[in-house]
Amino acid sequence: MPPAPITPQAAADERELVIRAQRYEPEALEEIYDTYFDAVYRAIFARVGDHTVAEAVTGQAFLTALEILPKYHRRPGGLHPWLQYLAARELRAHGWRPTPGRHPVHEADELRGALAELTPDQQEVLTMRFLVGMPVEAVAAGTGRRRGQVRALQHRALQALLRLMAARDAA
Amino acid sequence: MLVESTPKQLEEALSRRRQGASLAGATGLTPAAGELEHLVALAERIERLPAELAPPGARERARSRFLAAGDRHRASWVHQHRLPHRAARHPAPHHPLRNLFLLGTALVIALVAGSGLALAAGLSEPDSQLYPAKTFGQRVVLALTTDPVTKAGTEVDLANQRFQDAEGMAAKGKGGLTVSSLSAYYAYLRDAGAKLSGRDVHDARWKQVRDRLIAIKSQTPTEVERGLTEHNDTVHLGEVRQLEKDFAADSKRMDVALGVGPPAKSPGNSVNSPPSPSPVP
């Protein structure tokens, strides 16, 4: 389900939440975790299809968020795109790859394998756009790109994925 | 061969698809429709990837780790943002002569400042903003002087200053100030003459003041008239001449009263009192 658009009141509430979280107030950290953990986990699981990897990557993404929270500057899309972006980076750093030599037994595994062969930037954009369901504006805010760049990256990523899938089918 | 689509066409096709259009309807009739159909279908396959929630145990484990790390960060943050301890500042020891020293310093500052102001006022001219302070101080000095001869001597000195002021103002073309200075000059001369002529004891100090008065009043405002003439200030020039004319008669009576002129024909013509019975040598 795509995230709900951010209303001015919600933006103000989140600004307050971020200020409290930057002081590491436990209640604010709990609120951030309870609000965003599931969405981030689901996106990562959709990418890897493995609970162990999804738990490790999502957990590490939230720990990284704690580290750099004092330097966080509020973005138009809010905290969610930022956390998704951190999770996508953690997945890349984790080095997850589909098990080599394993014949895809499921259509989803084949697609995940092809996704993993894209460039990190392409993987990030496709994950945030189609697995999380974010609009172009939110992806742009979360990844620090302009909207036109996000649209172009998304277009190239899908074209590349199409070629990879065609090559896999041919093989 | 497929014609390549553009990012904009893809975004528009995705948008139409989300609004409920069929795949063919979303991609439209563009030459790139073939590729767009494949790209949109692929995007929808990604969207359909199974996305499961974390098992309860995994969620709680991650939550515990996150909150424990948050506590450590909180402790570190509090440590960094705690105000540094500062020792209380002790009051400076109170020296017994401290107040005396402060009072002395204040007096010295007041004296220096007052002297500076008085000096500046003393050097000021009628067109200066400090000039009223100067004349006020002179009036105070006069008021505090009780001895008539000394007072007359001070008035002679002030008359001389006013005369010089008048010359200065005339040179600057300031006719109004010239007239007022010259008027004050004559007024001081008249007052001094009256005080001296009213004294019965003509001692050496009296004679000294009288001689200074005679010398000062013998000045003619030639420079004053020249200054006003150069500035074509005929109005004030006329006033100056009238003042001079008015004082001429008083001056003669003053001479008689002070014993330096021919005796008056009638005793009622003295400046303030009858002239002395015998001329003072």
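Trainee: Leaving aside its neighbours within four places in sequence, which residues is B:Ile214 in contact with?

Mentor: Keep in mind throughout that this is a predicted model. Once you set aside the neighbours within four places in sequence, B:Ile214 touches B:Asp255, B:Leu258 and B:Val260. B:Ile214 itself sits in helix 9 of chain B, which covers residues 204–217. As for cover, B:Ile214 has 23% relative accessibility, so it counts as partly exposed; the cut-off for buried is under 20%.

Stay in chain B for a moment and look at the loop between helix 10 (222–230) and helix 11 (234–258), where you'll find B:Asn232. Its phi is near 55°, a positive value in a residue other than glycine. B:Asn232 is also exposed, because its relative accessible area is 64%, and the line for exposed is drawn at over 50%.

Now hop over to chain A for a partner to that picture. A:Tyr24 has a phi near 60°, again a positive value in a residue other than glycine. A:Tyr24 also belongs to a loop, the one between helix 1 (8–22) and helix 2 (26–48) of chain A. But its relative accessibility is 4%, so A:Tyr24 counts as buried.

A:Glu25 comes out as buried, since its relative accessibility is 19%.

Next, follow helix 2 of chain A to where the chains meet. A:Asp38 forms a salt bridge with B:Arg59, and the closest N and O atoms are 2.9 Å apart. That pair crosses between chains, running from helix 4 of chain B, which holds B:Arg59, to helix 2 of chain A, which holds A:Asp38. The two ends fall into separate classes of cover: B:Arg59 is buried because its relative accessible area is 17%, while A:Asp38 counts as partly exposed because its relative accessibility is 25%.

Another salt bridge in chain A is worth a click. The side chains of A:Asp109 and A:Arg112 meet at 3.2 Å, N to O. Both are in helix 5 of chain A (residues 107–115), and because they are three residues apart, about one helical turn separates them. A:Asp109 is partly exposed, given its relative accessible area of 21%, whereas A:Arg112 is buried, with 6%. Over in chain B, salt bridges that share partners tie B:Glu125, B:Asp127, B:Lys172 and B:Lys174 into one network. Over all chains, the search of the whole structure turns up 27 salt bridges.

A search of the whole structure finds one cavity of 30 Å³ or more, and about 50 Å³ of space lies in the largest cavity. Its lining includes A:Leu29, A:Ile32, A:Trp82 and, from the other chain, B:Phe66. Helix 2, helix 3 (51–68) and helix 4 (79–94) of chain A each put at least two residues into that lining, and helix 4 of chain A gives the most, with three.

For the outside of chain B, have a look at B:Leu97, B:Leu100, B:Leu103 and B:Leu107. These form a nonpolar patch on the surface, with about 430 Å² of accessible area together. B:Leu97 is found in the loop between helix 4 (56–81) and helix 5 (98–122) of chain B.

Finally, zoom out. Chain B has 11 helices and zero strands. Of its 281 residues, 33% are buried. Among the contacts in chain B with a separation of 6 or more, 63% are between residues 24 or more positions apart; B:Ile214 and its contact B:Asp255 are a handy place to start looking. The accessible surface of chain B is about 17100 Å², with 60% of it belonging to carbon and sulfur atoms.

Conventions:
Residues numbered from 1 in each chain as written. Chains lettered and ligands numbered in written order. Predicted model: local features only at pLDDT ≥ 70, side-chain atom pairs only at ≥ 80, totals over all residues. Heavy atoms only, no water. Helix = DSSP H or I, 4+ residues; strand = E, 2+ residues; numbered from the N terminus. Buried < 20%, exposed > 50% of the residue type's maximum accessible area, 1.4 Å probe, protein only. Contact = heavy atoms within 4.5 Å. Patch = residues over 30% accessible without salt bridge, like charges linked within 9 Å, V, L, I, M, F, W, Y side chains within 5 Å. Areas by Shrake-Rupley, 256 points an atom, 1.4 Å probe, with all protein chains shown as cover. Salt bridge = Lys/Arg side-chain N within 4 Å of Asp/Glu carboxyl O. 1 Å grid on protein atoms, 1.4 Å probe; cavity = no way out; pocket = protein on both sides within 12 Å on 5 of 7 lines; lining within 4 Å. Points joined across faces, edges and corners; volume = space filled by probe spheres on them.
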